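Dear colleague,

I am handing over the structure below, and my notes on it follow.

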Amino acid sequence: MSHTGSVGGQPGAQRTTDRASALSEPTRAYAELVAGNLRFVGGAPRHPNQDAGHRAAVADGQHPFAVIVGCSDSRLAAEIIFDRGLGDLFVVRTAGHTAGPEVLGSVEYAVTVLGTPLVVVLGHDSCGAVQAARESAATGTAPSGHLRAVVDAVLPSLRRAEAEGVDDIDGIVDIHIAQTVETLLGQSPVLAEEVARGRCAVVGVSYRLAAGVVRPVAALPAGFATLDAPARSTDPATPATV
Ligand SMILES: [Zn+2]
C-alpha cells in the first residue's frame, strides 16, 4: 500500500532508555498497542505506567512509542483503549482526525525530535464529524463557524467513497481513515522520509465504540501481518465482552 511504509526498525541513537529501545521498532510498538487493546477489550486492563513512581520517573523526559492521531470523540480516549499510561503515547486529537498544519507539526515533532517509531490514525464507527460532512454534502449547506473547516477536511473522503461506490457510514469512515494516513504522508515530506528510511511507520485503525476493539483499516506494512490476527479475532463479528 502506498500510504503505509516499509518498516525495519533502526533504533535511534538518542533513544537510550531500555523501554524506549525495546519499543523503537514500528512492529514492536504496534504489537504493544494491540496487546493493550486486547487487555482492555477483555476487561483485564493493567493500567501500566499510571503510578506515582512512574510519574516522577518520566518527569525529566519523554519517549512515547506511538503517536495517535485520533478523533476527539469522548469515547475514544487513547490511553484507556490501549491500556497505557504516562509517557507512552503522544496524542493529537481533532474532530474527525482532520490533519491541518498544527497536527502535521505535532506529528513531525514526535517522530523527529522524540524518535517515536509509529504513527496511528485512529478513527471509529459512527463518527459524528463524518456524519456532519455527509449531511452537509447531501443538503448543500455548510455549517457555521469553524465547524466548516472540519467538514471541508472530510469532504475529499466523501468524494472518494462515492467514487468507490461506498455509501454506508462505517465504510466511509474506513475510507476517511485511509485518506488521513495518505494526507499525513502526502503533506509531510519529513514524515514520509522517516517512513522511507524504515525508522517509522504510519498505519490506520478503526475502533468499535461498543466492542472496544481496534482493527487495521488498510493493509499493514510487512512485519505487521502476524499482529493482524489477534486484533481481528475479537472483531465484533465474533462478539467480544466488555
Ligand atoms: Zn469521530
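A residue is called buried when its relative accessible area is under 20%, exposed when it is over 50%, and partly exposed in between, with a 1.4 Å probe and protein chains only. This is a predicted model, in which local features need pLDDT of at least 70 and side-chain atom pairs count only at pLDDT 80 or more, while totals for chains, interfaces and linings use all residues. Residues are numbered from 1 along each chain as its sequence is written, and side-chain values use heavy atoms, with hydrogens and water left out.

Cys-71 is buried at a relative accessible area of 5%, and Cys-127 is likewise buried, at 1%. With a disulfide taken as a pair of cysteine sulfur atoms within 2.5 Å, the count is 0.

Helices are DSSP runs (H or I, at least four residues), numbered from the N terminus. Helix α2, residues 26-41, has 16 residues and reaches 23 Å from its first C-alpha to its last, close to the expected 22 Å (1.5 Å times one less than the number of residues). Its buried residues include Tyr-30, Leu-33, Val-34 and Arg-39, and α2 is followed by Gly-43, whose phi is positive, near 75°.

Helix α5 (residues 101-113) and helix α9 (residues 189-196) pack at about 35°, with their axes 9 Å apart; axes are lines fitted to C-alpha atoms over the stretch in contact, and angles run from 0 to 180 degrees between N-to-C directions. The contact (heavy atoms within 4.5 Å) involves Val-107, Glu-108, Val-111 and Thr-112 of α5 and Val-190, Leu-191 and Glu-194 of α9.

Best regards

Terms used
Helices (H or I, at least four residues) and strands (E, at least two) are DSSP runs, numbered from the N terminus.
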